[in-house]
Amino acid sequence: MVTNMIDIMLVFSVETKIKVIFLGGTFSDGRDGFVGALTNQQIKNFRFDKAFMGVVSVDLESNHVTTYMAEDATTKKQILESSNKSYMMLETRKFASEGNYIYASVDDFSGAIMEKGVGAAVQKQMKRYAIEWII
């Protein structure tokens, strides 16, 4: 497993059979991880089967996935490019929030993993995208 996120690294800091590679770079305290040019260069050296990424917001109407910081966005874009399958990790409230930096389209992802179901209006919009919606 490869990660640039401190919280994920801490989960695997206990004895485990999973090999963890932690990427460095510029620390982003707002994201609790490493982002930017150095991190992106390290990511380019890998090919991932699956990637799981948090998102700030998902706008189904305009087909936008956002974050708050440009550096976070470029790192997420690099992960998307280096992955066979990519999944958004999002709370359903993220359909109603707004980030300020668009870094992907909804259909750039293979799927989305959510904590609960959504209302009929959002379900109707979700059907526009040929991605896997996991609840």
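A residue counts as buried when its relative accessible area is under 20%, as exposed when that is over 50%, and as partly exposed in between (1.4 Å probe, protein chains only). What you're looking at is a predicted model, where local features need pLDDT of at least 70 and side-chain atom pairs count only at pLDDT 80 or more, while totals for chains, interfaces and linings use all residues. Numbering starts from 1 along each chain as its sequence is written, and side-chain values use heavy atoms, with hydrogens and water left out.

**Overall build**
- You'll find four helices and 11 strands in the chain (DSSP runs numbered from the N terminus: H or I of at least four residues for helices, E of at least two for strands).
- The radius of gyration is 15 Å, close to the 14 Å from the globule rule for 135 residues, so the chain is as compact as a globular protein of that length (taken over C-alpha atoms; the rule is 2.2 Å times the number of residues to the power 0.38).
- The C-alpha trace spans about 45 × 30 × 25 Å along its principal axes.

**Contacts**
- Of the contacts (heavy atoms within 4.5 Å) with a separation of 6 or more, 63% join residues 24 or more positions apart.

**A look at helix α3**
- Helix α3 covers residues 70-81, and its buried residues include A73, I79 and L80.
- Those buried residues pack against several neighbours, among them α2 (37-44), β5 (48-54) and β8 (83-90).

How values were computed:
The expected span of a helix is 1.5 Å times one less than its number of residues.
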